[in-house]
Amino acid sequence: MDLSYSAESEGFRHEVAAFLKAHWNARATAAAPDRREQETAFRRKAVECGYLYRGIPRQYGGSEQQPDILKAHIIREEFGKARAPTEIPGVGVQMVVPTLLECGSQWQRDFFVPGTLAGDIRWAQGYSEPDAGSDLASVRTHADLVDGHWVINGQKTWSSLAHKAHYMFALVRTNRNAAKHAGLSYLLLDMRQPGITVRPLKQITGDAEFCEVFFDNVRTPQDWIVGEPGQGWAVSKTTLSHERSGFIGAAATSVTLFGKLVELARNTTLNGKAAIEDPVIRERLAVLDGYVSAHQYSSYRQFSMAAHDQDAGIAPMMNKLVNTRIADDVAVIARDLIGPSLLLAPPAGKGGGNEKWINQFMGSLGLAIAGGTSNIQRNLIAERGLGLPRDISTELLSKVPT
């Protein structure tokens with residue numbers, strides 16, 4: 001495998017590095033009272049020069065560059081080295097914007113995309129329900145068209161940061177007589193509308209990132225639908241594909257996390273000496289290192305094939321599953337290294353010591369659910385990737401009336 005870049009690509013890397021040297025100072029900006037304003041100004045300059053929001057037309061606030069996976073990868077690498085701001089994080093940029101560009105109407109793109117890219121519009125996701133998580137087509141939240149508005153009733157749950165969101169994109173049932181996949185529509189709604197109740201859910205870590213959202217005759221205009229009525233399942237699959245490819249399953253996350261675990265092993269004492277010298281710990285780290293390296297080089301292969309317009313086959317479908325497995329293994333080894341300290345919450349207002357690993361440990365449990373459960377992902381790999389028969393339990397579930 002040749003992991004070297006061409007002379008042209010290295011020239012582009014020097015160009016990006018020179019831009020960052022001229023326009024970004026991570027240390028100075030971190031201490032500045034107007035840090036947010038400086039980050040916003042930097043992003044505008046980076047868009048102007050073609051480094052951020054590359055695939056988004058200029059009319060919506062993007063830099064409108066031709067697709068180039070090598071350039072995009074070099075930008076990520078150099079921005080990461082410089083600790084420079086990249087695109088606004090969250091479901092708005094990573095999920096809503098590409099979905100609207102692909103499936104939305106012109107007014108929806110004009111109204112929502114620029115503000116989302118600028119960070120002025122925050123979004124929440126309205127997919128999961130108490131009785132519809134992995135089987136997303138079983139959602140019961142419904143909307144009826146009344147006098148030019150969709151009137152929504154029902155409940156969503158696990159909506160990240162819904163208590164801070166301006167808008168929500170939601171999968172709702174607009175035809176209760178149609179087959180469960182055919183009766184769904186993809187609606188946008190204003191979270192400030194009357195009838196919406198948002199209730200943050202306190203997690204075991206003390207955070208309250210996730211929310212449950214209740215709809216009681218909530219109205220959203222008729223044209224706030226993405227696609228046509230009944231096309232919600234197809235549109236939702238577009239959104240999820242952007243989620244999974246955009247920010248779940250990246251090998252770089254696993255590599256960074258494993259590095260932190262090794263550092264923890266070096267700095268933790270076990271049986272009177274550094275834990276990394278313990279033969280059992282070393283063996284467990286070596287096994288995990290094998291998984292991480294395999295994941296990393298698989299990503300290199302996928303990256304190389306994508307750069308040459310080749311199909312990587314089943315490999316991309318496995319990214320999220322592998323990343324989840326690695327995060328879980330890291331959390332278990334960290335738990336065994338830290339011991340009772342894992343039961344302590346980090347000190348308020350501080351980064352904490354080893355206690356901060358509690359968030360990694362608890363978060364690793366959630367990764368098996370976020371973005372599609374691991375069991376569902378295994379079914380997708382088996383059925384769509386390997387051509388195996390459909391799981392019998394899924395077959396039976398699909399026959400249960402909604």
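Guide: Let us begin with a term: a pocket is an open set of grid points with protein on both sides within 12 Å along at least five of seven lines. The model before you is predicted, and its second largest pocket has a volume of about 380 Å³.

Visitor: Which residues line the second largest pocket and are the closest to its centre?

Guide: Of the 13 residues that line the second largest pocket, the closest to its centre are Thr 40, Arg 43, Ile 88, Leu 117 and Ala 118. Helix H3 (35-48) and helix H6 (106-118) are the elements that give two or more residues to this lining, and the largest share, seven residues, comes from H3.

Visitor: How many residues of each class are in the lining of the second largest pocket?

Guide: The lining of the second largest pocket has six nonpolar, five charged and two polar residues.

Visitor: Why does Glu 78 count as buried?

Guide: Buried means under 20% relative accessible area, and Glu 78 has 8% relative accessibility, so Glu 78 counts as buried. Glu 78 is found in helix H4, and, not counting residues up to four places away in sequence, Glu 78 touches Arg 13, Val 16, Ala 17 and Leu 20.

Visitor: What makes the pair of side chains of Glu 78 and Arg 13 a polar contact?

Guide: A polar contact needs a pair of N or O atoms within 3.5 Å, of which one must be able to donate a hydrogen and the other to accept it. The side chains of Glu 78 and Arg 13 are joined by such a contact at 2.7 Å.

Visitor: Where is Thr 174, and what does the side chain of Thr 174 make a polar contact with?

Guide: Thr 174 lies in the loop between E4 and E5, and its side chain makes a polar contact with the side chain of Ser 185 at 2.6 Å, to be set against the limit of 3.5 Å. Leaving aside neighbours within four places in sequence, the residues in contact with Thr 174 include Ala 143, Trp 150 and Gly 230.

Visitor: Which residues have the most contacts inside the largest nonpolar core?

Guide: The largest nonpolar core has 44 residues, and those with the most contacts inside it are Phe 79, Trp 123, Phe 169 and Leu 188. The largest share of this core, six residues, comes from H5. Leaving aside neighbours within four places in sequence, Leu 188 is in contact with residues including Leu 100, Phe 112, Trp 123 and Phe 169. A second, separate core of 20 residues includes Leu 257, Ile 276, Val 330 and Trp 357.

How values were computed
Residues numbered from 1 in each chain as written. Predicted model: local features only at pLDDT ≥ 70, side-chain atom pairs only at ≥ 80, totals over all residues. Heavy atoms only, no water. 1 Å grid on protein atoms, 1.4 Å probe; cavity = no way out; pocket = protein on both sides within 12 Å on 5 of 7 lines; lining within 4 Å. Points joined across faces, edges and corners; volume = space filled by probe spheres on them. Helix = DSSP H or I, 4+ residues; strand = E, 2+ residues; numbered from the N terminus. Nonpolar A, V, L, I, M, F, W, Y, C, P; charged D, E, K, R; others polar. Core = buried A, V, L, I, M, F, W, Y, C linked by side-chain atoms within 4.5 Å. Buried < 20%, exposed > 50% of the residue type's maximum accessible area, 1.4 Å probe, protein only. Contact = heavy atoms within 4.5 Å.
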